[in-house]
Amino acid sequence: MRKKIFFNNNIPLPPLELLHFFFFALFTSLYTSLAQQLPREPMEWRRTYGRAPKMILLEANFVQFKEELLPKEGNKALLTFPFLHIYWTDCCDTEMYKSSVKEDMMRWQNSLRTHGSSDWVIIVVETNDTKKKNKTNILPRSSIVDKIRSDFCNKQSDRCVVLSDPLKDSSRSQESWNSLLLKLRTLLLMSFTKNLGRFEDEMRTLREKRTQPGWSFCEYFMVQEELAFVFEMLQQFEDALVQYDELDALFTQYVLNFGAGDTANWLGSFCAPVRNWSGLLLRRPIDMEKRDSIQRGEASLLDLRSYLFSRQCTLLIFLQRPWEVTQRALELLHNCVQELRLLEVQVLEGALDCWVFLSCLEVLHRIEGCCDPAQLAANCSHTVGLWAYATDKLKSLGELCGLVSKNGPNSEDLNRTVDLLAGLGDERPETVNSLQSPYKKLKEALSSVEAFERHYLELSHAAMEMYQAIGRLRSARLVGKSLAEFYMRKGDPERAETFLQEALKSYVSEGWSLPVTHTRRQVAECQKLLSKTEDYLQTSALLAGDVNLTTDERKHFCQEILSFTGKSGDQSHKVTLSMGVFAQLTQLKFHPAAASVHSGAVLQVELTLRCLMPVSVRIQQLVASIHFEVDHGGTHGRSKGAQRRTHPGTVVFRQSNSSAGPPSSAGAGPSLELDEIQDRSPSDNSLNSTGVICKNTHLLMRRHDSNSPPDTPNCISPPTVGIKEGAQMLKVQDVTLEPGNNSITFTAPPGTYTLRQLCATVGEVQFILPHIYPSAQYEVYSQEPQLTVEPLSEPLLAGLPQKVKFTLLTGHYTVKKGDALQLSNTETMPILPSTSCTARISSPTSELVGESTLSIQSSEKVTSISLPPAPPYHTLEFQLEVLCIIPSGADRPANERLTNGEVRHRPRSYSHPDTPMTAIDQRMSIDCPWSIYSTLLALTFYIPFKTKHSLLSAGNRQYIQVCVQNVSDVNFALAEVKLTEKQHASLELQSLNTKTQQLLCCKHSVFCLWEVRWKDDLPSCLQCVFSANFSPLSQDISAYKPFHYQFQLERVTTLYSVKAEIFPPAGEQRCRSGVLCGLEVCITRLTEPAEGEIAEDSKTETDGPKTTKLMYEVADSSSNWAVCGKSSGMVLMPMTANATHKVQIEVMPLFAGHLPFPKIKVLKYLPHTAAVAIQPDPDSCVENDSLSLLDKTLDDQGDTASIRSRGSVHSVGSGDQQQKGVAMPRLEPFSPGQVFNHSHACQVLVLPATDDHIMEVNAT
């Protein structure tokens, strides 16, 4: 008996041969368990040629052994191939084995050996029933198995398997079953792999013979499909799909070669005329009718493609890749159309459209059957192509069958429809009961005009909605354009125009020139039928200037416009169209090129218009609208925007294609027009801030509505524009525009204007350019005279003669003979006399007109400069030499007055953030003949030096040091350096400077030193004047200029001397670290008290000597000493010469070596009744840095509680008490030089302490 298990599309699984002898009933009872348990456990399948291993489940058919079922030589069938032969026996009797079983096994083995089959196994079944029946002659089971193995399995002992008690539920039986199943799976997989590899090799050999005569693709197709069936049975759908893809690629390559001239004999059967176009059949797993026709070699091209795709579709759905089905289907349908043309297959007109339409719907229905509606909606991007293709093919069928025309189909159309429907054949059984089958839809659509319109609109709107849902607006509008053509054929232009406008919008924005032209012609036809006059004229103007049309077509549309302009209608209502469709503004020129002339001169504006019309057009009036600029930029009001100028005075305008262009050129919009803005101080005209402003933000920041096209020549329907009310105009009358470039000239009126709009009037039509970009501005001006003063070189150095340039823009004023400038003289900045001062007169174009020598006369307060005669709007330039006096810090002079009566303020120096030099602003007042008001001008000078002074002391000897620092970039020479004291003639300042002349390089300093000597008493205050002559190194000695620096020194007398001495501990000759030492501080009064010095009477003696209180403090900021006990205290010091006070303090050195003495500070201790000393305000022009040669530096005062700046006062009390107004004692530091510290730089030798420590050292 032969049994088969069917799996996957009625494809038989690989059979497993079975030979049962004497116990058929037993095998029947084992069959169910064996068939169920065999595929339960997966097996690893290792394939050849390095392919990745896979886990598969093995299912098998058990077929009764018959010799006629064994494969014959040359048989390539893989599906019916017996992969494994099994001999079943339960023989346990020796006699029976020898008499019959052994002979039967030998015949079985010989049959297998004859047919070349080596995949077999012998299964010996052991049961209790057989043992009971043959107890007398029974042998041990091992004896029978051993005999079988020795007789048949000498070299393959594993080919004999024992199955013990298979029907019992015991552990021994289960173990035996598992061993049998594992052996069967292993042997079956080994046999399958071996035979499959042999089959693949034979298939490759057959494929390599494809260039030989007599090779048949259909025969090879059936062989490779056999391999695909096997993979599909093993549920290896991906491998099965690869086989069909290889067949697809092979056939496609042959078709392409055929088109290139390389023919194959077997292709002749596929070139037969197409008799049936019923479309794809995807509802059957295997279309046996088409498979049989392929096997017989009678299939057409459409049959082969249909069957091949149906198999691919089935496998893709098994792989859960339905969306790939739609992609492959769309490629298949397009490729089939091309392959039929390459093979020159005869197809009835319209038959291919029917096949494509039915195939599209069949694929869509197949996808709908395996996906839910939510998945279909989310993945409509994969199916929308099929919807659109089906819509297009249905439209083609409607046009072919006369279902789109206004009059309906004629007899010829009806006959064609009958022929097409006949080629569809009968409806397939799978779709007979379906109301929405593709067959019924096509038959119904071709049956009547109403049914066709309903189906076509349904498909079109479905495709458009899907395209819009996925964002493919271009494709949606393309379907809409096709729908518009359908409406035009049906005589409905109103609906057609809507879809055409949407399609035109896409073509224009993307720059498709020819589709724009074609669609505009369709739009013009709709607008003419709908009597939309303005829209039709606008579209006609666009088409008249479209170079993609022929000359006759352009003239036709131009004549449509001229015919309308010749009509005498309502004069008050004019049709307004965009200038861009009629003519283009290409260039604008100003004469003169500066676009700025003074009143009385002539300024012409020349426009170049490129007429887009194919014939000459007479314009009644051409108007340019101009806008008055109130706050114009630049000296002459010319725009500083971004103008594209090929040369001065010319503005070139960007042009775009009249038909269509890419967005980068056609839709880029206006360019930026930037201008500079400056915020200046109203007092001194100094720049506070600067910035950039966009002058055409109202155009750049416009909202671009998707429903309103841009205002360019490429627009679909440009918006209505008009000349702004109340605008001023430049006009010319009766101008004829020839095709190409035309030149029109306007004369400009006075004022500062910007060209805004352009309007050309042709009869009842106005062509308007709403905006002129980039903006063009001109100026016919009347300007006031302007006088400016600026330095010739930067920076202006004080103390040296500097040249400044005077520039006079005469404006509308005529400089007459005798006119003069009156400059006020100042002591701080005199104007230097000059023997030759020449003035240059130049025209507005910077051409030299003439030169004249100026006459300069100076008096005590005014300098008069006589000006040469100069015409209006000319420039007069001359140079003067001025000298800014460096302030010396002397007393301020009395207030002076300028020529305009204002009080002259003393120039105040200040620090400039951009340079280390000190700046001085000098102002001058100038009276001009053209104005009753004085002009105030300012110049900034910079002092090249910074001067500092300091008082140095050494005991009773005093020294004054002056530091001159060159902060400019010029090298100077200093000579005759002096220091004098103004109030005390007995005081002598002895110079310690050896050089009479010194070099002062840029960014360097020179230090000068004088010793102060006196006869009687040293004054408490010194008024000093430092003077020197300086000159740049590049000039001779006659150019030396004086430099003075005044300063004041107060409290210069040394009042106290401080001496310190450190004593080692008793019994020691030297100090040691860590051992207490004695510090003795001796404070000595050097002078008698001076007037005004604070003192208080002694508490014990009423009439005794006066005393003062001093505060001392011992501290060490370098951490060399530790002060033990009291580190500070108050001393009551007699105010008499040579009065001395000693203080004993214990200190401990912390380190060994030569250690500097601890810091000793002495401060004034002022009682609460003493007045607070107020520090005088130092001169603001100098820096007063006082340094002591031997005294403490500023860094040494960092850890004290005393004063840190000269003249400041610190209270001993808390800050809260001072704020409450309670008078508290306070400390005041001495001025530099008042206290001399003899021990300031002294050191003492400190020995290290005795080392009693033990150091352990390990030496290895």
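This briefing walks through selected features of the structure above, topic by topic.

The model is predicted: local features need pLDDT of at least 70, side-chain atom pairs count only at pLDDT 80 or more, and totals for chains, interfaces and linings use all residues. Residues are numbered from 1 along each chain as its sequence is written, and side-chain values use heavy atoms, with hydrogens and water left out. Helices (H or I, at least four residues) and strands (E, at least two) are DSSP runs, numbered from the N terminus.

**Nonpolar cores**

- A nonpolar core is a set of buried Ala, Val, Leu, Ile, Met, Phe, Trp, Tyr and Cys residues joined through side-chain atoms within 4.5 Å.
- Buried means under 20% relative accessible area, exposed means over 50%, and partly exposed lies in between (1.4 Å probe, protein chains only).
- The largest nonpolar core has 145 residues.
- Those with the most contacts inside this core are L184, F221, F251, W266, F309, W355 and V363.
- A second, separate core has 66 residues, including L797, V882, M917 and V1006.
- Contact means heavy atoms within 4.5 Å.
- Leaving aside neighbours within four places in sequence, W266 is in contact with W215, S216, F217, F251 and Y254.

**A helix pair**

- Helix 15 (residues 438–445) and helix 16 (residues 449–469) have axes that come within 7 Å and cross at roughly 130°.
- That angle makes helix 15 oblique to helix 16.
- Angles under 35 degrees count as roughly parallel, over 145 as roughly antiparallel, 65 to 115 as roughly perpendicular, and the rest as oblique.
- Axes are lines fitted to C-alpha atoms, for helices over the stretch in contact, and angles run from 0 to 180 degrees between N-to-C directions.
- On the helix 15 side, K441, E444 and A445 meet A451, F452, R454 and H455 of helix 16.
- By class, this contact has three nonpolar, one polar and three charged residues.
- Ala, Val, Leu, Ile, Met, Phe, Trp, Tyr, Cys and Pro count as nonpolar; Asp, Glu, Lys and Arg count as charged; the others, Gly among them, count as polar.

**Sheet 15-11-13-19**

- Two strands pair if DSSP finds at least two bridges between them.
- Four strands form an open sheet in the order 15-11-13-19, with antiparallel pairing.
- Strand 15 (650–652) and strand 19 (740–747) are the edge strands, and each pairs on one side only.
- The twist averages 20° from one strand to the next.
- Strand 13 and strand 19 pair in the antiparallel sense over eight bridges.
- R610 stands opposite N741 in strand 19.

- V602 lies in the loop between strand 12 (596–598) and strand 13 (604–611).
- V602 counts as exposed because its relative accessibility is 56%.
- Beyond its neighbours within four places in sequence, V602 is in contact with H591, P592 and V597.
- V602 and P749 are 147 residues apart in sequence, and 8.7 Å apart in space, C-alpha to C-alpha.

**Sheet 42-40-44-45**

- This open sheet has four strands in the order 42-40-44-45, and the pairing is antiparallel.
- Its edge strands are strand 42 (997–1000) and strand 45 (1041–1050), each pairing on one side only.
- From one strand to the next, the twist averages 30°.
- Strand 40 (residues 972–981) pairs with strand 44 (residues 1021–1032) in the antiparallel sense over eight bridges.
- E981 stands opposite C1024 in strand 44.

**Strand 46 and its partners**

- Strand 46 (residues 1056–1063) and strand 48 (residues 1077–1085) pair in the antiparallel sense over eight bridges.
- Strand 46 and strand 58 (residues 1235–1237) run parallel, joined by three bridges.
- V1058 stands opposite I1083 in strand 48, and its bridge partner in strand 58 is N1237.

**Backbone features in loops**

- A cis peptide bond joins E794 and P795, with omega about -5°.
- P795 is found in the loop between strand 23 (786–791) and strand 24 (796–797).
- Q235 is not a glycine, although it has a positive phi of about 60°.
- Q235 is found in the loop between helix 6 (217–233) and helix 7 (237–259).
- At 42% relative accessibility, Q235 counts as partly exposed.
- Q320, another residue other than glycine, has a positive phi near 60°.
- Q320 lies in the loop between helix 9 (301–318) and helix 10 (322–342).
- Q320 counts as exposed, at 69% relative accessibility.
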